[in-house]
Amino acid sequence: MEFADVVRRRRMVRRYAPTPVDPAVVERAIRHATHAPSAGFSQGWGFLVLDRPDDVERYWRATSDDVDAPGRWLAGLMTAPVVILPCSSRAAYVERYAEPDKGWTDRAEERWAKPYWDLDTAMASLLILLTAVDEGLGACFFGVPPARVEAVRAAFGIPDDHEPIGAITLGHRLPDDVPGATGSAGSPARRRRRPLEEVLHRGRWGGDAR
């Protein structure tokens, strides 16, 4: 698929067909994710892949009390055969920048303009989403409920130095016209995409977008 088509077709998919996902495709998505930029080439990320039904169910039970009687949003996401948890490691960045070629030996977090461990892992997550489109699959990135993060850690042995920045469902997209797929289009079906002239500024904020 042409890259422009991949970008144009990318969307959050919230309901999936029961068809299994080829493990080679999942591995390819993770491999692509590792090509995301990372400050100092710190690569402070890890990706927990849940692709067995019992592990996927364990994820949903760790993050919700409504698994046995889910609402439409949760019921749709629960049809995904694969859940990926991208995790960021602050420690990897702090240690990398304490090395001689960087020299931030005080390891002070305030030196960082933004938490690049989270930003870089988010960019890696986008590569997973784009890979899904290129492979003819659907995917959705969403947050892990803050109150449930520790339950997820305990359920899957995520170490303390890695923080889940969200979760990604992955699977074969259920077409919108299939019964039961109502609402899978999400917010873009109800909200317009902002035109370029509203978001592009040249020279200064409010500058001519042409």
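## Salt bridges in the predicted model

At 29% relative accessibility, E135 counts as partly exposed. The model is predicted. E135 forms a salt bridge with R28, one of 17 found in a search of the whole structure.

**E135 and R28**
- The side chains of E135 and R28 meet at 2.7 Å, N to O.
- R28 has a relative accessible area of 35%, so R28 is partly exposed.

**R8 and D5**
- R8 and D5 form a salt bridge at 3.3 Å, N to O.
- Both residues lie in helix α1 (residues 3–9).
- They are three residues apart, about one turn of the helix.
- R8 counts as exposed because its relative accessibility is 57%.
- D5 is partly exposed, with a relative accessible area of 25%.

**D101 and R96**
- A salt bridge joins the side chains of D101 and R96 at 2.7 Å, N to O.
- D101 is exposed, at 52% relative accessibility.
- R96 has a relative accessible area of 16%, and buried means under 20%, so R96 is buried.

Technical notes:
Residues numbered from 1 in each chain as written. Predicted model: local features only at pLDDT ≥ 70, side-chain atom pairs only at ≥ 80, totals over all residues. Heavy atoms only, no water. Salt bridge = Lys/Arg side-chain N within 4 Å of Asp/Glu carboxyl O. Helix = DSSP H or I, 4+ residues; strand = E, 2+ residues; numbered from the N terminus. Buried < 20%, exposed > 50% of the residue type's maximum accessible area, 1.4 Å probe, protein only.
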